[in-house]
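The tour goes from one selection to the next.

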Amino acid sequence: MTPQDLNHPKSPKSVKQDSKSKKEQPRSKGQPNEKSGNAATKANIASASTTTELPEYIIQRNELFDKLKHEHDAAVLEMEHPAINVTLDLGLDKEGKPRPIMPVAAKAWESTPGSFLRHVDKDVSSDVVIAKVDGKLLWDLDRPLEYACQVSYLPFTSAEGRNVFWHSSAHVLGEAAECQYQCLLSHGPPVEQGFFYDMALPEGQAVTQADWKPLNERASKFFKEKQAFERLHVSIENLKKMFGYSKYKMYYIENLLPSEGSTVYKCGTLVDLCLGPHIQNTGKIKAFQIMKNSSCYFRGDKNDDTLQRIYGVAFPDKKQMTEHHKFLEEAAKRDHRKIGVDQDLFFFNEVSPGAVFLLPHGTLIFNAIQKLLRSEYQKRGYQEVQSPNMYDVELWKRSGHWQHYQDDMFSLDVEKRKWALKPMNCPGHCIMFGHRERSYRELPLRMADFGVLHRNEASGALNGLSRVRKFQQDDTHIFCTQDQITQEIEGLFDFLKCVYGLFGFPFKLQLSTRPEKFLGEIETWDRAESKLKDALNAFTASGGGQWELNEGDGAFYGPKIDITISDALKRDWQCATIQLDFQLPQNFELEYMTGDAPVKAKDSSKEEDGVNGIAAPSVVPKQPGPGRARPVMVHRAIVGSFERFMAIITEHFAGKWPFWLSPRQILVIPVMPTVNDYVEEVQRLFKAEKMNIDIDISGNTMQKKIRTGQLQQYNFIFVVGAQEKEARSVNIRNRDDQETQAKGELIPLEEAVRKLKALKKERRLINKI
């Protein structure tokens, strides 16, 4: 279940809340007799647990669930089930054309998305994992619909469908763990390559690899049982009764849930606090495997309990598990942490966890990316700035970051003032915009900053270059008028095509619109969203591909476009983002002279205490004066964090860098020592053209030198002897051309310089001269 479900206005109170009365609900006709609680629950335990009997607190938890579920189902049967208008959106056919929208007969609180699949072709229904209502809300296939809507279906191959499938698989892992260890479960989410579950084992025990086999065997048994996922909304009072034995579940109940309660899901003997949604039953899981285990901290806090974490992966088809293993083998070869060490690019040290030591070869790659962006900035009218690394916390309070983000910031006390290292550049850029009068003639103002940022990531979340505490990014903020939004977004799309094309990254665009809680006026949002859609449609019309709509998922301060790239292993990464912001210019009272005739300003003293569910700032900003207006602020990044982007491209290229980006472009090897002077001359010549060229005049054999150069992934190896020296030429072996490995291509020295200069300048992907 998604968070919107918690406050769904169309759910009747009589069904939304569970019964707190001990009075037995009348049983409707056709409703089966309920077994006595202990007998039913212990029967379930006997079928699910082969070697251990579950503890009494789990039996009581499950009995309470069964009682509340019985009362809920009885109440639903007593309700009216009016006819509702439901249509099915079955997506695209095999030819890529939209299938016709299909109306189906349906009744509220009775018809389920899963029941409609009998009307759907098997080529669609066989792959369905979860339903989606009105294009927004993920919905269990066996959960009755509550109102008129359009239903669509998601397969495992979709990102959302895969996450639901892996989330359900995590519940099966949780059930197996409870049976095996009698442990206290924390939480079990889907992750990029599967899922995990965190748990506290009795008496501080630890999970070992020897436990994997029995866990896998228990899970396999549960799949054969086709345990249904049952959903139930439960009040806070009864949640505390249900999970009072676990301090971990109680933390979530007391700190993270709304006052009206939340949902729980049951499969087999597991009852778990969960928003869902889930697959229909465990029989949908055909392949399951424990992948690894580790220790972790509860809530990622090193001062909290140490838990055990078990990772797994699962698929609806056994062939997909085989393919996954092949994928993992290739991903391991490409792991940026391994290549970073092998190629001497970077390292980490505990003297500064989460902060990379970028070595000379790694710095060459970093600088090449930065040089690319700077060259594009010059073409596209950006102005590069530098802003402070540390600010008084009053700045962060004014921007709103301190209230919501302070736990992720590094703060310090200096001269009786509290300061914080910046985790982002936007407030500083607002100060720079507002430090003097601005005119409409200066807009759009495109402000770029490569400044160092710090974020206090949990130690357990740190992961090579992918998740660090100190980083730099291609952070840019564009200050523009409302009328300039479309042209600025179109310019950013062109920027994306230019940069991502150089790395061979295809990308997808997704527009996220106004959420339920937002700042500003609806008219402003609608106008901004319309402009973004215009820019997206123009991009599509120019051959840029289709974009997706993600309704209600924008930031509270403005709509946004998320950009996802796909690497050589078909993995998706979000690097770029484009966000419209109406709020920061308001908080910092930014304005520009419009050039229009002055109009009486709006009285800011009449502003409400809060707007659309978002608390207003403690000091209401004054409105722009006559002849002045607020700029719109566009947050944008293309590569995002340089460190994370380097991790992505390291794995994308598998360490075989394109020439313009390569820290090892050329290696020159002499056939005999008597040509060492020519080798050094060649090096000086190419160095003068700012190329990364090395020579090997060591005492090793020529074959060993060549092999070493190949392993180090030099783009080109020049082998020179007396013939090459006399002819002033070079014998070139191309890393990516096997035909040149035995004996390279003989090219005049001046021609080699000219061709390699062009290869570098044009930033070509293909390693060919």
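A residue is called buried when its relative accessible area is under 20%, exposed when over 50%, and partly exposed in between, using a 1.4 Å probe and protein chains only. This is a predicted model, in which local features need pLDDT of at least 70, side-chain atom pairs count only at pLDDT 80 or more, and totals for chains, interfaces and linings use all residues. Residues are numbered from 1 along each chain as its sequence is written, and side-chain values use heavy atoms, with hydrogens and water left out.

Select Lys69 and Asp73. Lys69 is buried at 14% relative accessibility, whereas Asp73 is partly exposed at 30%. They form a salt bridge, with the closest N and O atoms 3.0 Å apart; the term means a side-chain nitrogen of Lys or Arg within 4 Å of a carboxyl oxygen of Asp or Glu. Both residues lie in helix H3 (residues 56-78), four residues apart, about one turn of the helix. Helices (H or I, at least four residues) and strands (E, at least two) are DSSP runs, numbered from the N terminus.

Next, select Lys508 and Asp572, whose side chains meet in a salt bridge (3.2 Å, N to O). This pair links distant parts of the chain: Lys508 is in strand E24 (residues 507-512) and Asp572 in strand E27 (residues 572-581), 64 residues apart.

Then select Glu376, Lys379, Arg380 and Asp494, which are linked in a network of salt bridges. The structure holds 41 salt bridges.

How many disulfides does the structure hold? It holds zero, a disulfide being a pair of cysteine sulfur atoms within 2.5 Å. Select Cys426: the nearest cysteine sulfur, that of Cys430, is 6.9 Å away.
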